[in-house]
Amino acid sequence: QVQVVESGGGLVQPGGSLRLSCAASGNFFSISNMGWYRQTPGKQRELVAFITSAGVTNYADSVKGRFIVSRDNAKNMVYLQMNVLKPEDTAVYYCNANARTTQGIIGYWGQGTQVSVSS
């Protein structure tokens with residue numbers, strides 16, 4: 001079993017910052033790609049940013065230049081620094097971790113953390 005737990009969401013004013021954290025734990029050899037996704041009611045979950053185990057990153061166009069994804073491989077953690085937040089960034093943010101297990105590489109999701117941007 002692999003557990004993925006996010007933290008750090010909350011309410012922030014437009015232009016503010018938040019930092020999300022995500023920890024993967026459990027029975028696996030290592031974690032490959034880790035990513036952040038977000039979802040609003042009635043819409044599909046969308047990729048925000050991901051980072052490989054080598055540190056290669058990719059961002060959605062809507063967050064480029066504002067969000068920074070990073071990770072600590074020793075702790076199996078991934079972070080999302082969100083700056084210059086906009087109301088349209090309001091969503092539930094989910095962490096995804098791809099774990100190398102005895103059954104191959106399996107993707108696991110966290111329970112999500114709410115980010116609300118409002119004055």
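**Exercise 1. In this predicted model, which ring does the charged end of arginine 19 sit over?**

Solution. Start at arginine 19 and look for the ring under its charged end: that ring belongs to tyrosine 79. Next, check the distance to the ring centre, which is 4.2 Å. Now try arginine 45 in the same way: its charged end sits over the ring of tryptophan 109, 4.6 Å from the centre.

**Exercise 2. How are the rings of tyrosine 37 and tryptophan 109 arranged?**

Solution. Step one: a pair of aromatic rings is described by the distance of the centres and the angle of the planes. Step two: the two centres lie 4.9 Å apart and the planes meet at 65°. Step three: planes over 60 degrees apart count as edge-to-face, so this pair is edge-to-face.

**Exercise 3. Is tyrosine 37 buried or partly exposed?**

Solution. Recall that buried means under 20% relative accessible area. Tyrosine 37 has 22%, so it is partly exposed. Tryptophan 109, at 40%, also counts as partly exposed.

**Exercise 4. Which residues have the most contacts inside the largest nonpolar core?**

Solution. First find the core, which has 31 residues; Trp36, Leu80, Met82 and Tyr93 have the most contacts inside it. Then ask where the core residues come from: strand 9 gives the largest share, five residues. Last, zoom in on tyrosine 93: among the residues it touches are Trp36, Leu80 and Met82, along with Glu6 and Arg38.

Notes:
Residues numbered from 1 in each chain as written. Predicted model: local features only at pLDDT ≥ 70, side-chain atom pairs only at ≥ 80, totals over all residues. Heavy atoms only, no water. Core = buried A, V, L, I, M, F, W, Y, C linked by side-chain atoms within 4.5 Å. Buried < 20%, exposed > 50% of the residue type's maximum accessible area, 1.4 Å probe, protein only. Helix = DSSP H or I, 4+ residues; strand = E, 2+ residues; numbered from the N terminus. Contact = heavy atoms within 4.5 Å. Phe/Tyr/Trp six-rings, centres within 6.5 Å; stacked < 30°, edge-to-face > 60°. Lys NZ or Arg CZ within 6 Å of the ring centre and 35° of its normal. Lists of a residue's contacts leave out its neighbours within four places in sequence.
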